[in-house]
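Dear colleague,

I am passing on the structure below, together with some notes on what was found in it. Please read the notes with the coordinates open beside you.

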Amino acid sequence: MKSSFFHKTIRIILILAGLAFLTPLIALVINGSFMRLSGDDYCYRAVFRQVGFWADPIYSYFNVAMYSASRFSLTLLYDISSLLGPWVNGVQPGLAVVLWGIGLYGALRALSNLWGVPAGGLEVALAAAAVEFFSLYYSPALEQVVYWQSAMLTYLAPLVVFTFVLGIILRSPQRQRFSWYGGVGLFLLSFLAGGFSETADALEVGLLGLTLLTILWGMRRGKSQFKSMFLPVCVSMAGVLLALLVLFLSPNNHLRQVSLNLPPPPDLPTLIVDSFYNVRVFVSIAVRKQTLPNLSAAVAGFVLTGLVLLRTQRIPRFNFRKWIMGLGLDAIVCFGLLFAIMTPSVYGQSSYPIARALINAQFAVVLGAVFAGGLTAVWWMSWFGDRILASDHRKAAVGATLAACLLLTGFLPVQKALEQFSQTPRYQRWSVYWDQRDALIRDAAAHNQREIDVVEIDKIIPDIGELNANPDAFYNNCAEMYYGMEQIRATLPGWDPSTK
């Protein structure tokens, strides 16, 4: 079989697999476009309406207990979105999905260049789409993390921003020098990434610590490209740690602890033991319920790495001992990241992380699975590469087998895409009802009407409250502050439960 035909065939298969992984992400963008305000969204905007854009970040940081106002980056983005209106809630989910994909592509491309792996743009794009798909769709609270602004800004937005931070750091060897204004920009971006939530900040500290250790290892072995990354990593770490300090020192933490009747922070031994226990719980659930997707992520890493090595005809020197050590190190790093992710919830609430916070843990597991798959492909090629590349027929057969495995992993994203698209009519219908209700309330407020009864619509985000018949309910009170009303009661019929 001619080499050109082989490469064209592999390229077509990569494109098909890429479309399979992109389709469920597109579904999130489409369904997310129908989102409006839900739950805490009313509360953030209520405080914003009272104190204004410039005063809200400081006022919330020191005084507000109805939401996590210590998370200054979260408050800042909420304030910006409040200036634009409720329609921005339908833009942000798609924007987050697209930007994260771009950030992952940039970071993975820079990483492949740093390691000297000649991966093509299509292969890197497919890897980025696969990482994003497995991280989002197999996190415990997909709809909250993507569709609900409060959770999306708290847990997904920091992953998006920090991915760009990592991309900047990994591209440092390509620049001649690290300028002072580049350092200021990287510091501020890292500070912003760390200010969304304590859980995301802990993951960022863990990833930067891992990057710093890798750089020190590379510098000790005389690898010049690692030296240029040392200062950017230190600058980024300073920004993230300062954000963590600002989060920790907020008076809001005590206000929420009192208002929610939370237990005091545990001592250090208890913090360590409980965090280890939570890691064990998460890993146990991942093994029992997420075996197929996590294994598929590893297969994707194996196949993509194997195809790159076949295409470039590179035969690495990687023995069995190095492979086992690599897998062991991968497991240790993944465990360490999970431990860091669990620590804030144990410290702040003496509990297991809330479901939506576990997008960070799922992301760490997916990275570990993809790396383990890629490492296995390197070892496999080091053993069998000579025999495979010695014959065009063997190369074609192995390439076809790898491509077939990649297409098999594409069944999971296709299945998830169909599930998402089946919900599109419901999301669309909900947005129509919400817009009608919003217009009625605003019209009533404009005519100095202080009370109003509106249609009670479905809770579009699982486990997130909606306006109900009780005007004294928490979210009703936030909505009343937001619209400038005295009472809002969702008592009128109109939403047909049979269409859920």
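The notes begin with the basis of the values, then turn to the overall fold and the cysteines.

This is a predicted model, in which local features need pLDDT of at least 70 and side-chain atom pairs count only at pLDDT 80 or more, while totals for chains, interfaces and linings use all residues. Residues are numbered from 1 along each chain as its sequence is written, and side-chain values use heavy atoms, with hydrogens and water left out.

The chain has 20 helices and two strands, these being DSSP runs (helices H or I, at least four residues; strands E, at least two) numbered from the N terminus. Buried residues make up 52% of its 500 residues, where buried means under 20% relative accessible area, exposed over 50% and partly exposed in between, with a 1.4 Å probe and protein chains only. Of the contacts in the chain (heavy atoms within 4.5 Å) with a separation of 6 or more, 82% are between residues 24 or more positions apart.

A search of the whole structure finds one disulfide, a term that stands for a pair of cysteine sulfur atoms within 2.5 Å. Cys43 and Cys478 form this disulfide, with their sulfur atoms 2.1 Å apart. The pair links distant parts of the chain, since Cys43 lies in helix α2 (residues 40–51) and Cys478 in helix α20 (residues 474–483), 435 residues apart. The torsion about their S-S bond is about 90°, so the disulfide is right-handed. Cys43 is buried at a relative accessible area of 0%, and Cys478 also counts as buried, at 2%, whereas Cys234 is partly exposed at 30%.

Best regards
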